[in-house]
Amino acid sequence: MANERQVKRRIGAAQNISKITKAMEMVAASKMKKAQDQALAARPYSQALYDSITTISQAAKLNEHPLLSTHEEGIPLVVVIGTDKGLCGALNANLAKELNAWKKQHRNGEVVAVGKKAVLFTRSVGMTVHAQFTDLPEHLRFQDVIAVVSLVLQGFVERRFSSVDVIYTDFINTLSQKPKVAGLLPLSKIFKPDVVEEKDSDEEPKEYVFEPNPKEILAHLLPFYLENTLYHSFLEAKASEHSARMVAMKNASENAAELMDELRLIYNKTRQQNVTGELLDIISATMALN
């Protein structure tokens, strides 16, 4: 009977786990939909901004802007966008692997860790946390990432950072999220100075009238592009987090259900064995008395 009670207790524990994971799955699914819509809605705007800067760059000297200058002064910096909470599968572990690979190429690099888990795995790989940002709101707004942008922008302009990269989880779909390393600064990694895109068609190149001049426009657009790029990385990371957590909790619920089925089978077999043993004892005693 002791074994029977043990199995029954394990079935109860599995049921409680299943209820918890199912509730967490539903919460994550609700947050995931909002985060996905926010990330997907930002993509066309980011692409349009990139196209605008590319067009203007054909009429201006990009290499004159400080955000495009390449210098060796300062240290390499990487912004790692992790999560504040766990239970989201291998998302943070994959980010830690990417950070470890980045560390091998930048021996004296430091990290701006976003999220409590990012702070933990940054220290676990033996890197210096230059700054940390935790407890960001679920529904991100542009002003929520201004502090990170200001730190990166000011540090690069003052030549305290030689380069700035970002590591985040790129949202592909609900079942697929991949860690991604992207270069932020200098922006010459993204916009090549004095490069004009080749046109496949025979159309004549369009002429634009800029007001004010292209140099002044770029002076405003390039910092804004950096802000928007980093903000979009945050949105992609948030959508990936909720998607990964929903899938992880769904798998946990299914595993708990399978475990309960196995335990019920064991419980029924144990109970049947005990009943059979008791019947044999009764029959044996009756035969002995007769």
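Student: Serine 243, buried or exposed?
Tutor: Buried. This is a predicted model, and in it serine 243 has 0% relative accessibility.

Student: Why does 0% count as buried?
Tutor: Because buried means under 20% relative accessible area. Serine 243, at 0%, counts as buried.

Student: Where does serine 243 lie?
Tutor: In helix α5. That helix covers residues 214-289.

Student: And what does serine 243 touch?
Tutor: Leave out residues up to four places away in sequence. Then serine 243 touches Met32, Gln36, Phe171, Thr174 and Gln177.

Student: OK, charges now. How many salt bridges does the structure hold?
Tutor: Twelve. In general, side chains of opposite charge can pair when their charged atoms come close.

Student: What does glutamate 241 form a salt bridge with?
Tutor: With arginine 245. Their closest N and O atoms are 3.1 Å apart.

Student: Which pair links distant parts of the chain?
Tutor: Arginine 43 and glutamate 236, which are 193 residues apart. Arginine 43 is in helix α1, residues 2-57, and glutamate 236 is in helix α5. The closest N and O atoms of this salt bridge are 2.8 Å apart.

Student: How do arginine 43 and glutamate 236 count for accessibility?
Tutor: Glutamate 236 is buried, at 1%. Arginine 43 is partly exposed, at 31%.

Student: What about glutamate 158? What does its side chain meet in a salt bridge?
Tutor: Arginine 160, at 3.0 Å from N to O. Glutamate 158 is partly exposed, with a relative accessible area of 44%. Arginine 160 is partly exposed too, at 36%.

Student: Switching to the sheet. In what order do the strands come?
Tutor: β3-β2-β1-β4-β5. Those five strands form an open sheet, and the pairing is mixed.

Student: Which are the edge strands?
Tutor: β3 (128-133) and β5 (176-185). Each of them pairs on one side only.

Student: What does the twist average?
Tutor: From one strand to the next, 20 degrees.

Student: How many bridges join β2 to β3?
Tutor: Five, and the two strands run parallel. Strand β2 covers residues 110-114. Glutamate 110 stands opposite threonine 128 in β3.

Student: Which strands does helix α2 touch?
Tutor: Helix α2 (residues 91-105) packs on the sheet. It touches β1 (75-81), β2, β4 (161-173) and β5. Its direction makes about 150 degrees with that of β4.

Student: And where does helix α4 lie?
Tutor: Across β1, β2, β3, β4 and β5. Helix α4 is residues 146-157, and it runs at about 145 degrees to β4.

Student: Last topic, the surface. Which residues make the nonpolar patch?
Tutor: Val275, Leu279, Ile282, Ile283 and Met287. Together they make a surface patch of about 500 Å².

Student: Where is leucine 279 placed?
Tutor: Back in helix α5. Leucine 279 is partly exposed, with a relative accessible area of 48%.

Student: Why only partly exposed, at 48%?
Tutor: Because exposed means over 50%, and buried means under 20%. Leucine 279, at 48%, is in between.

Definitions and conventions. Residues numbered from 1 in each chain as written. Predicted model: local features only at pLDDT ≥ 70, side-chain atom pairs only at ≥ 80, totals over all residues. Heavy atoms only, no water. Patch = residues over 30% accessible without salt bridge, like charges linked within 9 Å, V, L, I, M, F, W, Y side chains within 5 Å. Areas by Shrake-Rupley, 256 points an atom, 1.4 Å probe, with all protein chains shown as cover. Salt bridge = Lys/Arg side-chain N within 4 Å of Asp/Glu carboxyl O. Helix = DSSP H or I, 4+ residues; strand = E, 2+ residues; numbered from the N terminus. Buried < 20%, exposed > 50% of the residue type's maximum accessible area, 1.4 Å probe, protein only. Pairing = 2+ DSSP bridges. Axes fitted to C-alpha atoms, helices over the stretch in contact; angles between N-to-C directions. Contact = heavy atoms within 4.5 Å.
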